[in-house]
Structure formats: C-alpha cells, structure tokens
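Here is a short briefing for a reader new to this structure. Keep the sequence and the 3D view open as you go.

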Amino acid sequence: ALVLVLALALCAGCATTGPRDPRDPLEGWNRGVLAFNDAADDAVFKPAARFYRFVTPRPLRDMVRNFFNNLDDLYIGANNLLQGKPVDAVNDWLRFAFNSTLGFFGVIDVASQAGMEKHNEDFGQTLAKWGVGDGPYLVLPLLGPSTTRDTAALPVDYAGDLVSNHRPVAESNAMFAVRTVQRRADLLGA
C-alpha cells in the first residue's frame, strides 16, 4: 500500500503539457512510476545486486539462477499447454524432472546441457495467443514496463509461481528476495 501511495504521489506532477500521444494514453502515470522505479532501483535494488555479486562466487550465482529457473519450468509448461503447444509443454516438464533429479534440485541445468530448449512463457502470452489485445503500455511500481493485458494476467502468474506459494511464508519471502536480487544482478551489465 505504501508503494502505491508513493507511486501516486510521484505521478501528481508528471502530466505532460503537449498534446497527448494516443499510443501512450497513460503517459503521466508511466513517467511518474518510472521515476519512482528508478529511485527505488538506485536506492535498494542495484546496491543489493552489486553486493550479492561481490560476495557470491559466479558458480554459486549460476546455481541459484538454475534453481529458480527450474521451478519456473512447471508453470511455463502449463502456459505452453494452454497455448496449444503440447510438445513444448512436455519439454518444459521433462526439463523440470531432469533438473530436479539429475541436476540436484535444479542447481545444475542438465536439461540445457542435453539440448532441451528453455522456454519463457507466462499467462499474458497465453492471453495473447487466445486473441486478447495488448492494451496500453503501462509501467508498474517495482515491476516495470508491461501492458494492461499482462497486468491483468499477473494474479494468474502469481498463483502459478512456486516461490510465491511456498509455505511457510518466511521461507517464501526469503526465496522471493534471493530470486529478485539474483535477477537484478543478472541485469547489472545492461
């Protein structure tokens, strides 16, 4: 709630003075949230990612990335199935099975080493496959750029996320924090 209030406060003075661009009807909101996200990244996420990268050896960072990517494969497979791509869905589920067993709970990506393709699908992409249009461009607090279609899909993505639904909640929160910092660390060079 605090994040939303701060984001709305940042948006208060962000209206542009020229004619509105029909391609970006939410421009005032987007600019305000982008400023908030940049400030949050500079203050919290980038320093945390730099520290993580400094104290965590590259092989361990790779194992952490592999572990979380492995958990994602179950949900990715479900979205591939919903998109009418059963071969890709089976590939994703086999990746999960191989990496969870032969890859020691996913810390080693044996599936990629065996030539099994890694996919990246979410429910927003599934909705697109079903014919739902993008909608306007939208920048979300802390989540970044999106579309209204992908934003509407977020509750389903959240429900399918094994990390967010892990219990006890303290472990889920710790895993979520590590995954967030790992992903931000991967983007430091971008």
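**Helix α2 and its buried residues**

Helix α2 has these buried residues: Glu27, Asn30, Gly32, Val33, Phe36, Asn37, Ala40, Asp41, Ala49 and Tyr52. Buried means under 20% relative accessible area, exposed over 50%, and partly exposed in between, with a 1.4 Å probe and protein chains only. Helices are DSSP runs of H or I with at least four residues, and strands are runs of E with at least two, numbered from the N terminus.

The model is predicted: local features need pLDDT of at least 70, side-chain atom pairs count only at pLDDT 80 or more, and totals for chains, interfaces and linings use all residues. Residues are numbered from 1 along each chain as its sequence is written, and side-chain values use heavy atoms, leaving out hydrogens and water.

- Helix α2 covers residues 27-55, 29 residues in total.
- At 1.5 Å a residue, α2 should span 42 Å, and its end C-alpha atoms are 39 Å apart, which agrees. The expected span is 1.5 Å times one less than the number of residues.
- A kink of about 50° in α2 is centred on aspartate 41. The bend at a residue is the angle between axes fitted to the seven residues ending there and the seven starting there.

**Backbone exceptions**

- Most residues other than glycine have a negative phi, and most peptide bonds are trans.
- Phenylalanine 104 has a positive phi, near 55°. Its relative accessibility is 53%, so it counts as exposed.
- Phenylalanine 105 has a positive phi, near 65°. It lies in the loop between α4 and α5.
- The peptide bond from arginine 167 to proline 168 is cis, with omega near 5°. Proline 168 sits in the loop between α7 (148-160) and α8 (169-186).
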